[in-house]
Amino acid sequence: EAEECDYVVCNPMTGQWTVLPPIVWQDEEDGEPAYFKVVQPFLGFDPAVPSRFVVFSPLVEVCDDVAIYLSETGRWTRNSEWGDNSEYPSFSAECAFLNGMMHFLHLVIEEPIIAVVDVEGDVCGEIALPEGMEDASSGYSSIGYSQGKLHAWYMHPHYYELCVWVLEDYASEKWTLKHTVDVPELFGRESAEEDCDEEDRTYKYEMFAIHPEHNLIFLTDWKEVNLSYDMDSKEVHLMCTSGDFLGGLPFIPSFADLVVG
């Protein structure tokens, strides 16, 4: 049908394409097949094993359920246990696959957390957000993977001040504030004041990615400009000023099959 589509996972390193099959289970009441849409899928990929991947898809039709696709089995499985404080798996658009686990920014109403989920869909732990990011549901917040460590960032909804943290110690959940920057200044504009009129804010800023190997972040105003910012040198590089490219995610290369002569 015109409004229907399939999701395809493409691995540029192996040249393999995989069309994700429909999510189908037997209904517990009448035994008839029940079909679910693949919505807001999250891809987990380990660069060390380029032929394997996992896809998580929250089921909007059923509370607390998530479907998990494993490339090794070629089918979806279902998990219905997402913890006591999860009324619905409402994750942010970004996630991070680290140490064989998927990390989701879990925007529960009372206290946002990072849920750590294994490839079977079982919640293996919860990581508290860094201090200063407790009100993540009100501003823009996300998580990402860089240099082998989990990162989190938060942007104030009025000042547009961006804070970036790194999880230095995974076991003790010790976060370190890595960088703070005034985002409008990066775009060559005056800082947003707390009491400025809402109609005067013609730009909506967002940090949409972090480099997997360097202290480099990527931001957009969702109108005309995309740029990269080096948190070490504080250098700004304009990537696009025409509005043709707004957003994106970094490609994580794999060197597992590289043969050195």
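Me: Which residue forms a salt bridge with Lys-149?

Reply: Residues are numbered from 1 along each chain as its sequence is written, and side-chain values use heavy atoms, with hydrogens and water left out. A salt bridge is a side-chain nitrogen of Lys or Arg within 4 Å of a carboxyl oxygen of Asp or Glu. With its closest N and O atoms 2.7 Å apart, the partner of Lys-149 is Glu-168.

Me: How far apart in sequence are the parts that Lys-149 and Glu-168 tie together?

Reply: Helices (H or I, at least four residues) and strands (E, at least two) are DSSP runs, numbered from the N terminus. Lys-149 lies in strand S14 (residues 149-155) and Glu-168 in strand S15 (residues 161-169), so the parts tied together are apart in sequence by 19 residues.

Me: What relative accessible area does Lys-149 have?

Reply: Residues count as buried under 20% relative accessible area, exposed over 50%, and partly exposed in between (1.4 Å probe, protein chains only). Glu-168 counts as partly exposed at 40%. Lys-149 is partly exposed too, and its relative accessible area is 31%.

Me: Which residue meets Arg-189 in a salt bridge at 3.1 Å?

Reply: The side chain of Arg-189 has a salt-bridge partner at 3.1 Å, N to O, and this pair ties together parts 32 residues apart in sequence, because Arg-189 lies in the loop between helix H1 (183-186) and strand S17 (206-210) and its partner in the loop between strand S18 (216-220) and strand S19 (226-230).

Me: Which residue is linked with Arg-189 and Asp-221 in a network of salt bridges?

Reply: A search of the whole structure finds four salt bridges. The network that holds Arg-189 and Asp-221 also includes Glu-224.

Me: How far is Ser-57 from Ala-67 in space?

Reply: Ser-57 has its place in strand S6 and counts as buried, at 0% relative accessibility. Leaving aside neighbours within four places in sequence, Ser-57 is in contact (heavy atoms within 4.5 Å) with several residues, among them Ile-23, Val-39, Ala-67 and Trp-76. Although Ser-57 and Ala-67 are 10 residues apart in sequence, their C-alpha to C-alpha distance is 5.1 Å.

Me: How many contacts beyond near neighbours in sequence does the stretch of residues 83-89 have in the model?

Reply: The mean pLDDT of the chain is 80, and 79% of its residues reach 70 or more. Over residues 83-89, however, the pLDDT is below 50. Where pLDDT is low, the predicted coordinates should not be read in detail. With that caution, the number of contacts that this stretch has in the model beyond near neighbours in sequence is 16.

Methods
pLDDT is the predictor's confidence in each residue, from 0 to 100.
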